[in-house]
Amino acid sequence: MDKIVIHGGQRLTGEIRILGAKNAALPIQCAALLTDTPTTLRHVPRLSDVKTMGELLVGLGCTVEGDRTLVIDPAGVGSGPLEAPYELVKTMRASVTVMGPLLARYGRCRVSLPGGCAIGARPIDQHLRGLEALGARIRMAHGYVELKARRLKGASFSFDVVTVGGTQNVMMAAALAKGTSRLENCAREPEVQELAIVLNKMGAKIHGAGTSAMEIEGVDVLNGIDHAILPDRIEAGTFMVAAAITRGDVLLEHAPIDHLHPVIAKLEEAGAICRVEPRGLRVIGPEALKAIDLVTRPHPGFPTDMQAQMMVLATAAHGQSIITETIFENRFMHVPELCRLGADIHVNGNVAIIKGPAKYTGTTVMATDLRASASLVLAGLVASGKTEIRRVYHLDRGYETIEKRLRQVGAKIRRFHGAPN
Ligand code: UD1
């Protein structure tokens, strides 16, 4: 088990290159199942979630080769079981995104139910309702959901809840259905738009991605493509906060500025300078940060995946900030650990009241989920003395070599292998 040790108090200056987006890569890996010719993906981040998705694809019969540039060949799919097993789904919920492609292409699949997840219940009822509307027959047994359909048929369907994974699953299924589908109350996240771009490159006919209503004319065949994954807005946002709280001056090369507006707006409200430059986004932290209030919402609202990191910014700011989480019911698990480092945060239901500025002092803390881990790294950057973060495998799901990239801009941060759990 690895641990990360940070000696805080350094001002971060320099450049960090933003890598490919995890949440774009995962569904696009699944989309490779919709064809029978190879797909080449470029700028793929080296993350454990991407590896887990690769293992799932191999288990289904794909060959997956390469690193950073992945070539996924689905020619062998269909001869073995079409199943997403519990062992993979429990480590990564996005595994359920193979459901739509498998059902559409092979007419059947069996996927483990994801069950409870650290940041809330996270059901998949909307995925299933959407696939059912397209003609899937669904049966639950032994902790698995089994789906069957001869040929999916285009239909009109409205999601009850805005769901990123649900929208992606249903749009992939509809892409190969017979006839036209109209999907309403769709997620509008950039990663949904990116998937639509990929599917359209493959030969799909999807209109309206990025708005809440999509029209999808089903086609008979899709083809493998060559595609570069877009840069990660959450990784960029995390480094933006790192620059802002350390009074730093960091250029985030390739930051996806168009997708960062809600984060840029909040950082500017807190007093940071965010400047668009030809090579990316420069973030300059102020001498003193101002308190902010924010509410997480589906895109184009403030992303829940940046909530924990912004909480650290709020603790570093002067005055009282209020952060409201509306997407996941249990996404404040970083709070007790931040309090152990010296934050003053009071949680009432889905509202956190933060009084700053905190005088963080380093200690040993435990990562609980991906973005919570990022918040602990950020707190460690401004804590006095030594902060030791355990269970960093959570961090490795979504940030590639975060310690090296922060070290490159002046942080005193190291990874040690073989720490106790
Ligand atoms: C994706 C992102 C994750 C991000 C989340 C919200 C990936 C791989 N992960 O997760 O990083 O935090 O979007 O932006 O892209 N819900 C239901 N029924 C469903 C599906 C979802 O009630 O069938 C609820 C969830 O419990 C949650 C909300 O809808 O409260 C949003 O979840 P969803 O958008 O589906 O998140 P994911 O796609 O799992």
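## A buried glutamate and its partner

Start with Glu 253: its relative accessibility is 13%, so it counts as buried. This is a predicted model, and in it Glu 253 pairs up with Arg 279 in a salt bridge, with the closest N and O atoms 4.0 Å apart. The two come from distant parts of the chain, 26 residues apart: Glu 253 sits in strand S15 (residues 249-253), while Arg 279 is in the loop between strand S16 (273-277) and strand S17 (280-284). Arg 279 is partly exposed, at 43% relative accessibility, whereas Glu 253 is buried.

## Other salt bridges

Across the whole structure, a search turns up 29 salt bridges. One of the pairs is Arg 182 with Glu 215, at 3.0 Å from N to O.

Elsewhere, Asp 2, Asp 396, Glu 403 and Arg 415 are tied together in a network of salt bridges.

Arg 371 is part of helix H12 (residues 370-382). Setting aside neighbours within four places in sequence, Arg 371 is in contact with Lys 22, Ile 234, Asp 305, Ala 308, Gln 309, Arg 331, Gly 398 and Tyr 399. Two of those contacts, Ala 308 and Gln 309, are also among the buried residues of helix H10.

## Helix H10 and its cover

Helix H10 spans residues 307-316 and is mostly covered, with nine of its 10 residues buried. The buried set is Gln 307, Ala 308, Gln 309, Met 310, Met 311, Val 312, Leu 313, Ala 314 and Thr 315.

The loop between strand S18 (293-295) and H10 holds Pro 300. That proline is joined to His 299 by a cis peptide bond, with omega about 10°.

Is Ile 28 buried or exposed? Its relative accessible area is 1%, so Ile 28 counts as buried. Not counting residues up to four places away in sequence, Ile 28 touches Leu 41, Glu 194, Leu 195, Val 198, His 227 and Ile 229.

Asp 220 gives another case, this time in the loop between S13 and strand S14 (226-228). Asp 220 is exposed, because its relative accessibility is 63%. Lys 178 is 42 residues away in sequence, with a C-alpha to C-alpha separation of 7.5 Å from Asp 220. Beyond neighbours within four places in sequence, Asp 220 is in contact with Arg 151 and Leu 176.

## A positive patch

Which residues form the positive surface patch? They are Arg 108, Arg 137, Lys 148 and Arg 150. Arg 108 is in strand S7 (residues 108-112) and is partly exposed, at 36% relative accessibility.

Most residues other than glycine have a negative phi, and most peptide bonds are trans. Besides the cis bond at His 299 and Pro 300, there's a cis peptide bond from Gly 356 to Pro 357, with omega near 5°. Pro 357 is in the loop between strand S21 (351-356) and strand S22 (364-366).

Positive phi values turn up at Arg 391, near 60°, and at Thr 401, near 35°. Arg 391 lies in the loop between strand S23 (386-390) and helix H13 (393-396), while Thr 401 lies in the loop between H13 and helix H14 (402-407). Arg 391 is partly exposed at 28%, and Thr 401 is partly exposed at 30%.

Conventions. Residues are numbered from 1 along each chain as its sequence is written. This is a predicted model: local features need pLDDT of at least 70, side-chain atom pairs count only at pLDDT 80 or more; totals for chains, interfaces and linings use all residues. Side-chain values use heavy atoms; hydrogens and water are left out. Patches are made of residues with over 30% relative accessible area and no salt bridge: like charges are joined within 9 Å, nonpolar side chains (Val, Leu, Ile, Met, Phe, Trp, Tyr) within 5 Å. Accessible areas come from the Shrake-Rupley method with a 1.4 Å probe; for residues, only the protein chains shown count as cover. A salt bridge is a side-chain nitrogen of Lys or Arg within 4 Å of a carboxyl oxygen of Asp or Glu. Lys and Arg count as positive and Asp and Glu as negative; His and the chain ends are not counted. The place of a charge is taken as NZ of Lys, CZ of Arg, CG of Asp or CD of Glu. Helices (H or I, at least four residues) and strands (E, at least two) are DSSP runs, numbered from the N terminus. Buried means under 20% relative accessible area, exposed over 50%, partly exposed in between (1.4 Å probe, protein chains only). Contact means heavy atoms within 4.5 Å.
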